[in-house]
Amino acid sequence: MVATDLVVRVEERDFPLQKAVLQLASPVFNRMIFATSTVTTPQILALAGKAEEFEEFLKFLYPPTHRSCKLSAENVDFLLAWFHDFEIAPLKEECEELLLTLPVTEDRLLQASKYGLVRQRARCIEEIATRCEDFSLERLVSCVDVLPQLVLRMREVLVAERGARARSEEGR
């Protein structure tokens, strides 16, 4: 058994861990561990979040389990939040790759904007702009970081459709 030198507490649940693994995996963990470093072992870090989500997140970081972990539609949302918060870019990119295969929704656009998923955001804006009647745009009205780009793209689509219609009528 490997000795642990850190306990991460999430929802009153303790996870005995190795500092080195977390420090190598995440610059945020590295900063947290150095900022709260104590002479007592094990060091204790308390984190907000759900214990079962943190446990799943850890599986992606630890060498014995990371190869068997799979992102899915069921876990991508909460794992994306953990990977983003702990600045684990390669796993965040894997989340975006999976999200690019899932249906576009208003929530997916908001999520892409929140977590800086550039390709997913562009895909969602394009889909919502071209099929706006299929979406509930009311949810997006208060999103100042999404709305301007969406409105501009919707205008472009509308102008293109009017131009195509006018050319079609001229050809008759």
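Student: Which elements each supply at least two residues of the lining of the largest pocket?
Tutor: β2, α3 and α4 (63-66) do. Keep in mind that this is a predicted model.

Student: What residues line that pocket?
Tutor: Phe15, Pro16, Leu17, Gln18, Glu55, Leu58, Lys59, Tyr62, Pro64 and Thr65. Six of the lining residues are nonpolar, two are polar and two are charged.

Student: And how much space lies in there?
Tutor: About 260 Å³.

Student: Switching to the inside. Which residues touch the most other members of the largest nonpolar core?
Tutor: Val8, Leu22, Phe54, Phe57, Leu61 and Phe83. The core has 36 residues.

Student: Which elements give two or more residues to it?
Tutor: The strands are β1 (6-10), β2 (13-17) and β3 (43-47). The helices are α2 (27-35), α3 (51-61), α5 (76-85), α6 (89-99) and α7 (106-115).

Student: Take Phe57. What does it touch, not counting residues up to four places away in sequence?
Tutor: Phe29, Leu79, Trp82, Phe83, Phe86 and Ile88.

Student: What about the second, separate core: how many residues does it have?
Tutor: It has 12. Among them are Val104, Leu109, Cys124 and Leu140.

Student: Back to the strands. In which sense do β1 and β3 pair?
Tutor: Parallel, over five bridges. As one example, Val10 has Leu47 in β3 as its bridge partner.

Student: Which residues of β3 are on its covered face, and which on its uncovered one?
Tutor: Gln43, Leu45 and Leu47 make up the covered face. Ile44 and Ala46 make up the uncovered one.

Student: New topic: Gln111. Where is it, and is it buried or exposed?
Tutor: Gln111 is in helix α7. Gln111 counts as buried because its relative accessibility is 10%, and the cut-off for buried is under 20%.

Student: What does Gln111 touch, leaving out residues up to four places away in sequence?
Tutor: Asp77, Leu80 and Leu99.

Student: And Gln120, buried or exposed?
Tutor: Buried, because Gln120 has 0% relative accessibility. Gln120 is found in helix α8 (residues 118-130).

Student: Which residues does Gln120 touch, with the sequence neighbours up to four places away left out?
Tutor: Glu96, Leu99, Leu100, Arg108 and Ala112.

Student: What separates the C-alpha atoms of Gln120 and Phe86?
Tutor: A distance of 20 Å. Along the chain, Gln120 and Phe86 are 34 residues apart.

How values were computed
Residues are numbered from 1 along each chain as its sequence is written. This is a predicted model: local features need pLDDT of at least 70, side-chain atom pairs count only at pLDDT 80 or more; totals for chains, interfaces and linings use all residues. Side-chain values use heavy atoms; hydrogens and water are left out. A nonpolar core is a set of buried Ala, Val, Leu, Ile, Met, Phe, Trp, Tyr and Cys residues joined through side-chain atoms within 4.5 Å. Buried means under 20% relative accessible area, exposed over 50%, partly exposed in between (1.4 Å probe, protein chains only). Helices (H or I, at least four residues) and strands (E, at least two) are DSSP runs, numbered from the N terminus. Contact means heavy atoms within 4.5 Å. On a 1 Å grid over the protein atoms alone, a cavity is a set of points where a 1.4 Å probe fits but cannot get out, and a pocket is an open set with protein on both sides within 12 Å along at least five of seven lines; lining residues have an atom within 4 Å of a point. Grid points are joined across faces, edges and corners, and a volume is the space filled by probe spheres set on the points. Ala, Val, Leu, Ile, Met, Phe, Trp, Tyr, Cys and Pro count as nonpolar, Asp, Glu, Lys and Arg as charged, and the others, Gly among them, as polar. Two strands pair if DSSP finds at least two bridges between them.
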